[in-house]
Amino acid sequence: MQTGVRKVGTQLLVSVIAVACGSTDSTPRPSGLVAARVVAAAGFSWRAIDLPHRGLRLYIQQGTVAAAAPRGLTESVVRAQTDVLALLGEPLILPRPSANLPADPAALFFLGSWDDMRRLTGRPLAGFVQPGEATAFFVWAPDYRAPLRHELAHLYTFQRWGLPAGGEAATWLVEGIGVWAGGPCLGQSSDALAAGLLARGRLPSVEDLSARFRDLEENVAMPAAGSLIAFIQVREGIAGLRARWRSGPDLLLPDRALSAAWRTHVARIRPAALDIARVLQEGC
Ligand SMILES: [Zn+2]
């Protein structure tokens, strides 16, 4: 996400989960390994909400405001899922290989606080997707906007498109799609934030984004990647992004002409900057 601190995770993060018994027998078991461990973790219990027509199961931490009145959360999730799948050009439910084979729902966990997120996953993050399974974790706290769209974009790109063929060199593509799907942050578009970076001489080149994405500051790398993805999407559509996802390191990067056109585009936009302290407090 567009913050100066790595508070928001990515699908690349690996969490350490304590395995212990904690949930009730009636809590539905998710199929993902980490999700199943979390459901069984000591000290946590869950209100599970099945949304089979959405391919989702929500696990809301018991004792939180959201568990007592889950309607707002459920509506937000459904809206985010609808938006993200539409952006990605993906159907709500994939055709099943066999009618007898029940499709496993994605498991989305909602924790009541940063402390609980840290205690459960070992990560002080606002949200992240567990690699290798359709499992995501979010902090869902009053007056905080969880990065639903950003993380769902990760979940569905990996679930539907597979691992990016470019490996580490595709990190800008993975995160850029997350930022693009996430939409504006505190009302500021990635383009405006990229223009702000350009005005301060800090907009990275596409080569830098590709070669050292994780070395760049998050509030530099994320909006730059989001702006670049939006630029490519307008020109090439989602098919262009998907083709890059499936391309090796040499082909996934925009060529010199496209890179130059992106910077010219950014230079025409009114620059903006983020109030990082506010983002950390409120989310995007
Ligand atoms: Zn991300």
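This is a predicted model: local features need pLDDT of at least 70, side-chain atom pairs count only at pLDDT 80 or more; totals for chains, interfaces and linings use all residues.

Trainee: Is G183 buried, exposed or partly exposed?

Mentor: G183 is partly exposed, because 16 other C-beta atoms lie within 10 Å, and buried would take 20 or more. G183 and H150 are 33 residues apart in sequence, yet their C-alpha atoms are 8.3 Å apart in space.

Trainee: Where does D143 lie, and what is its phi?

Mentor: D143 is found in the loop between β5 (135-139) and α5, and although D143 is not a glycine, its phi is positive, at about 65°. D143 counts as exposed because it has 7 C-beta neighbours inside 10 Å.

Trainee: Back to α6 itself, then. How many of its residues are buried?

Mentor: The helix is mostly covered, with 12 of its 12 residues buried; among them are W172, E175, G178 and W180. As for its length, α6 has 12 residues and reaches 16 Å from its first C-alpha to its last, close to the 16 Å expected at 1.5 Å a residue.

Trainee: What do those buried residues pack against?

Mentor: The buried residues of α6 pack against α3, α5, α7, α8 (206-212), α9 and α10 (249-252).

Trainee: Since α3 is on that list, which residues of α3 are buried?

Mentor: They are L73, V77, A80, Q81, V84 and L85. These residues cover an arc of only 125° around the axis, and therefore they lie on the same side of α3. The face turned away from that buried side carries the exposed residues R71, G72, E75, R79 and A86.

Trainee: And what does the buried side of α3 pack against?

Mentor: The buried residues of α3 pack against β2 (56-61), α2 (65-68), β3 (106-111), α5 (148-161) and α6 (171-182). The helix itself runs over residues 71-88, and its 18 residues reach 26 Å from first C-alpha to last, close to the 26 Å expected at 1.5 Å a residue.

Trainee: What follows just after α3?

Mentor: Just after α3 comes G89, which takes a positive phi of about 70°.

Trainee: Switching to the core now: how many residues does the largest nonpolar one have, and which have the most contacts inside it?

Mentor: The largest nonpolar core has 79 residues, and those with the most contacts inside it are L108, F110 and F138. Helix α9 (residues 218-245) gives the most to this core, with 11 residues. The core also draws at least three residues from each of domain 1 (33-161) and domain 2 (167-282). In soluble globular proteins, nonpolar side chains tend to be buried together.

Trainee: Which residues does L108 touch?

Mentor: Leaving out residues up to four places away in sequence, L108 touches L56, L58, V77, A136 and F138. V77 is one of the buried residues of α3.

Trainee: One more loop, please. Is L125 buried or exposed, and where is it?

Mentor: L125 lies in the loop between α4 (114-121) and β4 (127-129), and it is buried because 23 other C-beta atoms lie within 10 Å. L125 and F137 are 12 residues apart in sequence and 8.8 Å apart in space, C-alpha to C-alpha.

Trainee: For the whole protein, what is the mean pLDDT, and where does pLDDT stay under 50?

Mentor: The mean pLDDT of the protein is 89, and 89% of its residues reach 70 or more. Over residues 1-22, however, pLDDT stays under 50, and the model has 76 contacts beyond four places in sequence for that stretch.

Trainee: And what do the overall counts look like?

Mentor: The secondary structure comes to 12 helices and 5 strands, and buried residues make up 43% of the 284 residues in the protein. Among contacts between residues at least 6 apart in sequence, 68% join residues at least 24 apart.

Note on methods:
Residues are numbered from 1 along each chain as its sequence is written. Helices (H or I, at least four residues) and strands (E, at least two) are DSSP runs, numbered from the N terminus. The expected span of a helix is 1.5 Å times one less than its number of residues. The arc is that of the directions from the helix axis to the C-beta atoms. Two residues are in contact if their C-beta atoms, placed from the backbone, lie within 7 Å. pLDDT is the predictor's confidence in each residue, from 0 to 100. A nonpolar core is a set of buried Ala, Val, Leu, Ile, Met, Phe, Trp, Tyr and Cys residues joined through C-beta atoms within 7 Å. Domain bounds come from an automatic or database domain assignment.
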